[in-house]
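Visitor: Could you walk me through how to read a structure like this one?
Guide: Gladly; let us look at it together.

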Amino acid sequence: MAIGVIRETERRTLPFDKLGVIIAALAVYGAFLAPFATFRANRIVQGEGKAILEALPPSLGYGLLALVTFGIVVALLKTSVLVRMAAAFAALVALCFLIGSAAGNLVPADNAYARVSPASGFWILVFAFALLVADALTRLNPGPGLRLLFLAGALALVGGMLATGRWDGLSILKEYASRADTFWAEAGRHLTLALGSLAAATVLGLPLGILCHRVDRLRATVLNALNAIQTIPSIALFGILIGPLGWIATHVPGAEAIGVRGIGVAPAFVALFLYSLLPVVANTVVGLAGVPRAANDAARGLGMTEWQRLVAVEFPLAFPVILAGIRIVLVQNIGLATIAALIGGGGFGVFVFQGIGQTAMDLVLLGAVPTVVLAFTAAIVLDALIEVMGPKHSRGKAA
Amino acid sequence: MASLPTLLRLAVFLVLLAFLLQPGWFEPLLKSLVQENAPAVYNRGSLFWLTLLHLRTVFVATFAATFIAVSLAILVTREAGAEFLPLSRSLVNIGQTFPPVAVLALSVPIFGFGEKPTLIALFLYGLLPIFENALTGLTTLPPAVTEAARGAGMTERQRLVQIELPLALPVILTGIRLSVVISLATATIGSTVAAKTLGEVIIAGLQSNNLAFVLQGGLIVAALAVLIHDALQALERALSGRTRT
């Protein structure tokens, strides 16, 4: 009797995975209908799309199609999480590996001008299988350690492709090759801007947040002022600071020597610092306000001084919330630092805006892709850190 | 943000309106910021017109984002779409790490220069806060209310339209407010890819080293953001007050 009931419910539900249907549709379109790689005679002309079998030698092309088809079948059917993960991962590794082969295959060896870049089909396939990985990961619900391990694996895969020169034929890396020195200089400047302003905002924001927590009157004023700063668009704030900083540079002795200038890094740094203050201060206030009264009373009962209570009780309890504020700032700053390029502050934005100016999209990608990777890495690392620090029962995002 | 007192808000609105319609009145104020022969008030187009275009861009993007985000949130909170709920949550978290400039820059190769990439970037970026809040609103309804609605014999559709959406509305509105404020500022970046927004004024100022242009472009956007933020917040309060009683 019981067996009969189970059979009946089995018959009623479809054997297909709902998300798998979407992933399969995307992958079929990406593999069979959309172009895999774009070939262009030089850097800025319109390209022509090449399908997988045109872009790759037959053995590799059919191999990739077989792997993609296998991934599609695994996604469609209700398979175990680990099988889905393995199939998606295999497809992603193959895609990453073979897009490099496409470049070598499409460009004649002596042609230095022709460009090959990944086309829509490649991106759609990557998106479809990344979705499959993300779904499998969500179902596994891994702890912070395992998540960091996955991140390290993904970064190692990309790093390996770059280090072994697999992708050297792709046009984004040709852009890189012709400006490798500036790339690392701008990368350094980008990180200095994002991390430096975060450090400054933390050093000033924490005491300010503690002060706001203690003094009611100050809280509303400070938070309102910081909120008002957030409404000023970034390019305007960067620009507005040019004036006062230029004035300081020329009128305050010694200011210019330490790098204060009207244009360049200084206004960008100050603008990012100002944007960073709100999340740090606001989360410090929220975190301290959330400290249970019982904990404070107990500490007082033990005869702790104000200072001891702050350091030993309140601050550790509020720390996960403060860390959540720092995560917001870091991800936001990595993105906003791109705008510094508009006022001569450097960073990856230099390539983005140069690329927009020259309508050279590979150059735009050279600036945008590292920014996205950095922001993404920062978010995963800090999320894991927040989870390790936070109370065991509250999984997910704080604040 | 605590609302500014009503009087102050009205003053900001009047000054903004006066500046947009009669920018000449403010010339003496701005004159000190520029070099002798440089114009103190933006002279390459009407500020009022640019403001309207700016607002239109933000409105179109937010409207589309709201429609899609709320529909998706409804879909994944129904029984048929429940499978997608955890995944959509993690996708939202991932999406929010994408810098707006990168979204804008990456949509240029697909959609070309002009207003389109800006609309796409604002739309994609606006989706996330609205979707997240709509999810929160629809998944944290008091169980007693939904049970009562079921007990009263309401169909699933009736429950959604008459109970769940009205109760979730204030939280959804908070998401829309967040999204609008971000979009108002982000739209200025669209002018780097030739979209007609107030960013044009700021960029013209940066290029010709004219601080007055940068300041007026920035302050108009900031004033718009503060006013729209406060108006939406007042609306939320009115709505949550109504549903609570």
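Visitor: What should I know about the model and its labels before starting?
Guide: This is a predicted model, where local features need pLDDT of at least 70, side-chain atom pairs count only at pLDDT 80 or more, and totals for chains, interfaces and linings use all residues. Residues are numbered from 1 along each chain as its sequence is written, while chains are lettered from A and ligands numbered from 1 in the order in which they are written.

Visitor: How many helices and strands does chain A have?
Guide: Helices (H or I, at least four residues) and strands (E, at least two) are DSSP runs, numbered from the N terminus. On that basis chain A has 17 helices and 3 strands. Its C-alpha trace spans about 75 × 75 × 35 Å along the principal axes.

Visitor: What percentage of chain A is buried?
Guide: A residue is buried if 20 or more other C-beta atoms lie within 10 Å of its own, exposed if 12 or fewer, and partly exposed in between, with C-beta atoms placed from the backbone. Of the 399 residues in chain A, 41% are buried.

Visitor: Which domains does the assignment give for chain A?
Guide: Domain bounds come from an automatic or database domain assignment. For chain A this gives domain 1 (2-177) and domain 2 (180-389). The C-alpha centres of these two domains of chain A lie 36 Å apart.

Visitor: How many residues of domain 1 of chain A are in contact with domain 2 of chain A?
Guide: Two residues are in contact if their C-beta atoms, placed from the backbone, lie within 7 Å. In chain A, 13 residues of domain 1 are in contact with 14 residues of domain 2. On the domain 1 side, β3 (115-118), α7 (144-163) and α8 (171-178) of chain A each supply at least two residues.

Visitor: How do two packed helices get described?
Guide: Two packed helices are described by the angle between their axes and the distance between the axes. Axes are lines fitted to C-alpha atoms, for helices over the stretch in contact, and angles run from 0 to 180 degrees between N-to-C directions. Here, the axes of α9 (residues 180-214) and α13 (residues 265-289) of chain A come within 6 Å and cross at roughly 40°. That makes α9(A) oblique to α13(A); angles under 35 degrees count as roughly parallel, over 145 as roughly antiparallel, 65 to 115 as roughly perpendicular and the rest as oblique.

Visitor: Is the crossing of α9(A) and α13(A) left-handed or right-handed?
Guide: A crossing is left-handed if the near helix is turned anticlockwise from the far one by less than a right angle, and right-handed if clockwise. The passage of α9(A) across α13(A) is right-handed. By class, their contact has 19 nonpolar, 8 polar and 1 charged residues. Ala, Val, Leu, Ile, Met, Phe, Trp, Tyr, Cys and Pro count as nonpolar, Asp, Glu, Lys and Arg as charged, and the others, Gly among them, as polar.
In chain B, α3 (residues 47-77) and α6 (residues 115-139) pack at an angle of about 40°, with axes 7 Å apart. The crossing of α3(B) and α6(B) is right-handed.

Visitor: How many residues of chain A are in contact with chain B?
Guide: There are 38 residues of chain A in contact with 38 residues of chain B. The most on the chain A side, 8 residues, comes from α17(A). That side divides into 25 nonpolar, 11 polar and 2 charged residues.

Visitor: Why is α16(A) called largely enclosed?
Guide: Because 7 of the 9 residues of α16(A) are buried, the rest of the structure largely encloses it. Among the buried residues of α16(A) are Phe351(A), Phe353(A) and Ile356(A). Their cover includes α9 and α17 of chain A together with α5 (100-111) of chain B.

Visitor: What about positive phi values?
Guide: Most residues other than glycine have a negative phi, and most peptide bonds are trans. Asn141(A) has a positive phi near 50° and sits in the loop between α6 and α7 of chain A. With 11 C-beta neighbours inside 10 Å, Asn141(A) counts as exposed. Ala194(B) has a positive phi of about 70°, in the loop between α8 (156-186) and α9 (199-207) of chain B. Ala194(B) counts as partly exposed, with 15 C-beta neighbours inside 10 Å.
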